[in-house]
Amino acid sequence: MDPQLILAIIYALSGLAHAVLAWWAFNRRTQAGAAARSLVAGALLNVVANGLLAANSAGWLPGLSAGLHVHLALYAAVAYTGLLFVITHAVTRRPGPQAAWFWLLGAGLLLLALVDSDLLTRDVIVVIQPGYALIRAGFVLVGLTALWAAVAGRSVYLTLRTYRRTPQPLHRNRLAFWSLAWALAVVAVALLVVGLTVGGQALLAGASAVATLTVLRPRLPDARRAVFQSLVTGLVLALTAGAYVGLFLWLLGLEPNRLGLAPVAAAVLVAAVLVLTINPLLRVSERWLRQLVAGRRYDPRQLIGEYGLSISNILETDRLARVALELMRDAIGLKRGAFFVVDQLEITAGAQHAYLNRVGSLVEDGPTAGTLLEDSPLAHFWRTEFEPLTQYEIDVDPRFAAQSTAERVWLGQLGMDVYVPIYANREWIGLLALGPKLSRHRYFDEDLELLSTLADQTAVALRNARLVEDLRHLNADLKTANSALDDASRRLAQLDRTKSDFINVVSHELRTPLAILYGYAQILTEEIGKAGQAEHVQIVEGIATGAKRLNEVIENMLDMARIDSRALQLHAQPVYLEHVVQKLVWQFQWALADRQLRLASAGLEGLPPIQGDPDALYKAMHHLVVNAVKYTPNGGTITITGRHAPEALVGGALEVIVSDTGIGIDPRFLELIFDKFYQTGEAAQHSSGKTKFKGGGPGLGLAIARGIVEAHGGRVHAESTRHDEQMLPGSRFIVVLPISKDYSRRLTEN
Ligand code: ADP
């Protein structure tokens, strides 16, 4: 075949390779941004250059001289270098190159093109003819190389400097790839300069391929490891081939037919031996390689087993975090590491924030908590993707471009290399953040796989620990609540006691002087009566009545204090309600006559007796009748009825109803009136007489009545339709008292 045609085919293939790269970069332009656009431009440039070179080699461009052919390739390479220079800034994460660089490159290329194309120098040439063409060609060559060297030198410098400074192993790896692209490009241009255009173009295509790979793939294979791997594989292959050839030759060199082997049989034999040994050999070298490159110190299976055993029984999150981190540190060799528990909280409807709370850490510094907001791409990733992430990916992957500055700063303060999420039932509950390795190596895919497995193992333990902790908190809360309650009830009891004590003391202290006052007032009444000074008699009687009324009030207060402090002494005996009522009628006859009221009773005769304290029961009924008298206007009727009411209480009961034709009670207050010191209406409007219409009282009567009835195992309530001083709807007080036999025991116990 015509060698020119072969050249043309090589250029065409190289152009095709660039076209494929251009297409790939074009497809990824949204993810990789400006760098991808530069890649597309560079690849298209190379497509055009290679197309021209191919066409020229095939003889389709008769106008293109051999010199121009070489120069064309160089122009393209220099322009391409300019684009690589731009991309270098993206890869080293520096701001784009300054405009001066573009001017230098553009102006230089233009000038050289002008000189090269004869346009500038056509008239001058004549004088210095034949040597001129040579000088001109040399000038262009040197100029192009110098331009190229300036741009390439700057790029290589940037790349190497960033490589030395960056702490992130993954970024270093990427820069290693980038350096490889540059190395290929440098050699390619060197070949172009010395006129080896084909080799130069082929290498340039290789450089372009490596550059595109570096820019477009966030997860690159480990450069060091790739180099070692190929070295080791080459070594093993060379050893194997050497052994094969050596053994084979040795077998052949033995005295003919000594082993009785034909050469073919010998070859098969040697091959068989090698086939059997090559696999173990490769495996051993692979392990050796791993240890050398990855600095790996652990056996994954053993580690997983040990890890599971160590954490399975831990029920406190902080201890779990510490043990987990320490195991990982010992296995992988870590500088830093932190363990976060994650709470998904819905603050506003529909917006879920992730709260990260550090429960363990290998070093003391770094933030102890953080929040990933609802719209955080990181939180979104971990809620939906269930995968570990490296800090490097977070930095370069366009999916995380929308991350807020606050989150970036937070991650920066953490200073970690990888983040491994922990899930329970597909719910994100924890995060392992692990820092750089002591060996300064990157985290390899198998490291991430192992860490994910460990995270899965941690999930169950973490969930259990959190459940137990929640329970503990709940328990502690309950305890505090309980003791607060205890405190409060103790204080209430104390208060109640103080109040009862107060009433007790005051009542006794008042009762004694009152009795003296009352006694003297009576003596005085008699004495003055004898002496016949009528107006003085009235005065002294007033004193006596006042003292008597005061005494009753004190009696009531005492009764109330006894009921409150459960110190009411009841002496049980059979009591006939009929007798109680008779006594009341007799007691109230003057008051009734005075107020022109009628007191009728019915149904009480023949009722069985109840077990009770006759004095206490009398007091209770007395309060009800006093009220009926007080709240019924002159001319009204009070009725006391009794009946056997077996349905009212278990064991049977008697029912006594005191009803009147008085002013009635607002149904809203029917229960309230039984409270201590409760009075409806204005106390100041009450008239002072005990049995006067609407006569006042301290508001204790009904409370005492209820206290006594309840102490007997009974109950009392009021009924009325409304309060109306004109229409007088009347009120009914219904008392139910048990007649069962066993309540007598309860009474004496009290
Ligand atoms: P007081 O010492 O004020 O009479 P009570 O405890 O005996 O205290 O009664 C509380 C309130 O219940 C009274 O102030 C009165 O308003 C109302 N009340 C009690 N009995 C009757 C009744 N038979 N008719 C209308 N109101 C009544």
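Keep in mind that the model is predicted. Let's start with the whole chain. The protein has 22 helices and 13 strands. The box around the C-alpha atoms tells you the dimensions. Along the principal axes, that box is roughly 170 × 85 × 45 Å.

Now burial and surface. Of the 750 residues, 41% count as buried. The accessible surface is about 39700 Å². Carbon and sulfur atoms hold 62% of that surface.

On to charge. There are 69 positive side chains and 66 negative ones. The centres of the two sets lie 9 Å apart.

Now let's zoom in. Find strand β5, residues 418–424, and strand β6, residues 427–434. Do they run parallel or antiparallel? They pair in the antiparallel sense, over seven bridges. One place to look is Y419, which stands opposite A433 in β6. The two strands form a hairpin, with two residues between them. In that turn sits N425, with a positive phi of about 50°.

Last point: why call β6 largely enclosed? Seven of its eight residues are buried, so the rest of the structure largely encloses β6.

Definitions and conventions. Residues are numbered from 1 along each chain as its sequence is written. This is a predicted model: local features need pLDDT of at least 70, side-chain atom pairs count only at pLDDT 80 or more; totals for chains, interfaces and linings use all residues. Side-chain values use heavy atoms; hydrogens and water are left out. Helices (H or I, at least four residues) and strands (E, at least two) are DSSP runs, numbered from the N terminus. Buried means under 20% relative accessible area, exposed over 50%, partly exposed in between (1.4 Å probe, protein chains only). Accessible areas come from the Shrake-Rupley method with a 1.4 Å probe; for residues, only the protein chains shown count as cover. Lys and Arg count as positive and Asp and Glu as negative; His and the chain ends are not counted. The place of a charge is taken as NZ of Lys, CZ of Arg, CG of Asp or CD of Glu. Two strands pair if DSSP finds at least two bridges between them.
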